[in-house]
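User: Hi! Could you walk me through this one?
Analyst: Happy to, let's take a look.
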Amino acid sequence: MKTNPFRLPELGYQLTDLAPMMSKQTLSYHYGKHFQTYVDNLNRMVNNSHFEGLSIEDIVRKAPEGPLANNAGQVLNHQLFFEQFLPAKDAKIPSGELQFLIEQSFGSFDAMREKMNKEAKSFFGSGWTWLAMNEEGKMIVLSLPNGDNPLRHGWKPILTIDLWEHAYYLDYQNRRTEYLENFWLLINWRVISKRIV
Ligand code: MN
């Protein structure tokens, strides 16, 4: 039976809301086409397999290296990515427990942001830079290639930057640094706070 269990998540904003940092054209392709393709591929692989009925997180944790892990990883990565934004006029900075954890691990929010930007600027090829939580509840910054996700390494994904060129090329061409600077203007810290629980 084809259950096609996965769908694109609903966005809490319109495709025009993140411009000019992330244009409607970028979102139309990135959310509407790239993300949709990963979802369609994943559904095709999960239908009639013993992964049917598992959550996306469990598939990401358990899939052996290969096409299923790649597509499941990309579905979860894009879900985390697109759910963490809101219009720039509403974006603020971390507060409460999240702020405490960031300051404890990096000294300050600015230091964390700089560490992620530096990591993302120097990452070669397609992949993602992550803020994650390790086994001891400490925040860490790391990059992973292609569709890999911190869950596959035993860490909790908290915030993510898509470094595939499809994420920024239409708006910034080769100017990854400018994409990274603007990325921080779009983060919905209330969504990020829910991920540390
Ligand atoms: Mn992407």
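User: Which domains does the domain assignment of the protein chain give?
Analyst: Domain 1 (24–85) and domain 2 (89–194), with bounds from an automatic or database domain assignment. This is a predicted model: local features need pLDDT of at least 70, side-chain atom pairs count only at pLDDT 80 or more, and totals for chains, interfaces and linings use all residues. Residues are numbered from 1 along each chain as its sequence is written, and side-chain values use heavy atoms, leaving out hydrogens and water.

User: What separates the centres of domain 1 and domain 2?
Analyst: 19 Å, taken over C-alpha atoms. Their contact (heavy atoms within 4.5 Å) takes 24 residues from domain 1 and 25 residues from domain 2.

User: And how many salt bridges are counted between domain 1 and domain 2?
Analyst: One, where a salt bridge is a side-chain nitrogen of Lys or Arg within 4 Å of a carboxyl oxygen of Asp or Glu.

User: Which elements give two or more residues to the side of domain 1 that touches domain 2?
Analyst: Helix H1 (24–46), helix H2 (56–62) and H3; helices are DSSP runs (H or I, at least four residues), numbered from the N terminus. H3 gives the most, with 10 residues.

User: Switching to H3 itself, how many of its residues are buried?
Analyst: 13 of its 17 residues are buried, meaning under 20% relative accessible area with a 1.4 Å probe, protein chains only.

User: What does helix H3 reach from its first C-alpha to its last?
Analyst: Helix H3 (residues 67–83) reaches 24 Å, close to the 24 Å expected at 1.5 Å a residue; that expected span is 1.5 Å times one less than its number of residues.

Note on methods. Buried < 20%, exposed > 50% of the residue type's maximum accessible area, 1.4 Å probe, protein only.
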